[in-house]
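Hi,

Here is the structure I promised to pass on. Have a look at it first, and my notes follow below.

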Amino acid sequence: MTQQPQAPQSSAGTTARPTPAPGLGPTPTETAWAAGGVVFAAVLMLMNGILAILQGISLLAKDDVWAGVGDYVYKMNLTGWGVVLLCLGALAAVTGAFILRGAAWARMTGIFLASLSMLAQFLFLPYAPVWSVIMIGIDFFVIWALAVYRPEARA
């Protein structure tokens, strides 16, 4: 029969905090990457929101700036796309600003809004294919960075 190691007792009678076993939990490098990634994701979300607002305004102001699409399964009026992008952009910009401020609720909201933005950009593909693919990639990074970030591990 083998004896199991026990946590050492301090002189005050409380147990000392056990150290995690090697290979469990994030390394300092992983934590730094995640913290830097969430700041970058917040800035990307803020800028994505501002660009979506400008894109929505251009769709609302003048429909002839954008090329018309013939037969498309998810066809929507360009004015409707303007309203969708304007609303998503405003919410994304505000959420990105709150992520930079460290609001805990903003991370989950950011994941949700980046998911909606990814879906909207997929549906907007026929109107601006290169821009939509780039924005889908940025939204994917934002979702990843906000999902892997653990602020309690940063202490």
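Which residues make the nonpolar surface patch of about 740 Å²? They are Val39, Val43, Met47, Ile50, Leu51, Leu54, Ile57, Leu100 and Trp131. (A patch takes residues with over 30% relative accessible area and no salt bridge, and joins nonpolar side chains within 5 Å; a salt bridge is a side-chain nitrogen of Lys or Arg within 4 Å of a carboxyl oxygen of Asp or Glu.) Helix H1, residues 28-61, gives the most to this patch, with seven residues.

Before you go further: this is a predicted model, where local features need pLDDT of at least 70 and side-chain atom pairs count only at pLDDT 80 or more, while totals for chains, interfaces and linings use all residues. Residues are numbered from 1 along each chain as its sequence is written, and side-chain values use heavy atoms, with hydrogens and water left out.

Overall, the protein has four helices and zero strands (DSSP runs: H or I of at least four residues for helices, E of at least two for strands, numbered from the N terminus). Of its 155 residues, 31% are buried, meaning under 20% relative accessible area with a 1.4 Å probe, protein chains only; exposed is over 50% and partly exposed is in between.

Threonine 95, in helix H2 (residues 78-101), is buried at 3%. Leaving aside residues up to four places away in sequence, Threonine 95 touches Met45, Ala106, Thr109, Gly110 and Leu113 (contact: heavy atoms within 4.5 Å).

Cheers

Terms used. Patch = residues over 30% accessible without salt bridge, like charges linked within 9 Å, V, L, I, M, F, W, Y side chains within 5 Å. Areas by Shrake-Rupley, 256 points an atom, 1.4 Å probe, with all protein chains shown as cover.
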